[in-house]
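Hi everyone, thanks for coming. I'd like to walk you through one model today, starting with the ligand and then moving to a pair of helices.

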Amino acid sequence: TDKVAIVTGASRGIGRAIALLLAMQGAKVVCVARTAEELEEVALKTAGLAITADVSDEADAQHIVAETIRNFGRIDILICNAGVGSFSLLEHFTLEEWDQMFAVNVRGTFLLCKAVLPYLKAQHDGHIVGIASDVSKRTFQHGAAYGASKYAQDAVLSSLRKEVRSFGIKVTTIYPGLVDTYFNDSKPGNPDTEKTHLKPADIAQAVRYVLEAPAHVVVDELMIHPLTQEY
Ligand code: NJP
């Protein structure tokens, strides 16, 4: 493939694994995150473009898309992966934490989708893949803020799917269970999570599967859990 793909949250965890796999398959990858240093390492490995940006900022979202077009002339794939989460009883959440989860998980998805759409529509082609969560579809204690943001992100993506189908644009939402990443201040690779969590590469393989569907097929939704996870 010689496709051009924007991957948000590409510096670590799931986004990094997606960026590496897409690059291995020959895609030109635009790697986005807020922290330049980690991002440069991934951009080097993917021989792609690193853009330090905050997906929750409208000017940054437009900049990501403009730079992609300036460098590669088109956009085929947008992976809305950047996300944050923290967990506590509702009464202990601060307004700041609430707003931050909605800013990155919901506004970020909205802004990036909005910014790429004119290009995908003009091409009459393109694929948006959102990394949502299994908790986009169920509630749990300590998850009021994160869960609400992931329900909202899911609604953004599934509304969009219905709006763009007639333009030849696919929208896929992936709902992972536990994945061994840096999410919520965790550290991947410790022996405890070996059996209980998916690996970022497992999600990257799911992304590959949905992207490789024949032209007439769209995978709307894909839920993926570790076999051991109770939910
Ligand atoms: O998390 P992590 P994951 N603008 O922390 C970037 C969902 N998910 O890979 O900006 C731009 O290792 C951040 O870079 P930096 C989850 O909700 C996960 O697990 O420098 N980029 C880093 O590259 C999320 O949507 C699990 O801090 C921003 C990346 O995002 C997605 O999977 C379960 C940004 C985060 O890497 C990837 O999370 C589930 C911003 N404003 C869903 N804010 C799980 N891990 O168990 C953050 O159901 N980033």
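Which residues come nearest to the ligand? Of the 32 residues around it, those are Gly9, Gly13, Thr35, Gly83 and Ser133, where a residue counts as near if its C-beta atom, placed from the backbone, lies within 6 Å of the molecule. The elements giving two or more residues to this shell are α1 (13-24), β2 (28-33) and α4 (95-123); helices (H or I, at least four residues) and strands (E, at least two) are DSSP runs, numbered from the N terminus. The largest share, 3 residues, comes from α1.

A quick word on the ground rules. This is a predicted model: local features need pLDDT of at least 70, side-chain atom pairs count only at pLDDT 80 or more, and totals for chains, interfaces and linings use all residues. Residues are numbered from 1 along each chain as its sequence is written.

Now stay with α1, please. Its axis comes within 8 Å of that of helix α7 (residues 200-211), and the two cross at roughly 50°; axes are lines fitted to C-alpha atoms, for helices over the stretch in contact, with angles from 0 to 180 degrees between N-to-C directions. So α1 is oblique to α7, because angles under 35 degrees count as roughly parallel, over 145 as roughly antiparallel, 65 to 115 as roughly perpendicular and the rest as oblique. On the α1 side, the contact includes Gly13, Ile14 and Leu21, and on the α7 side Pro200, Ala204 and Val207 are among the residues; contact means C-beta atoms, placed from the backbone, within 7 Å.

How values were computed: Contact = placed C-beta atoms within 7 Å.
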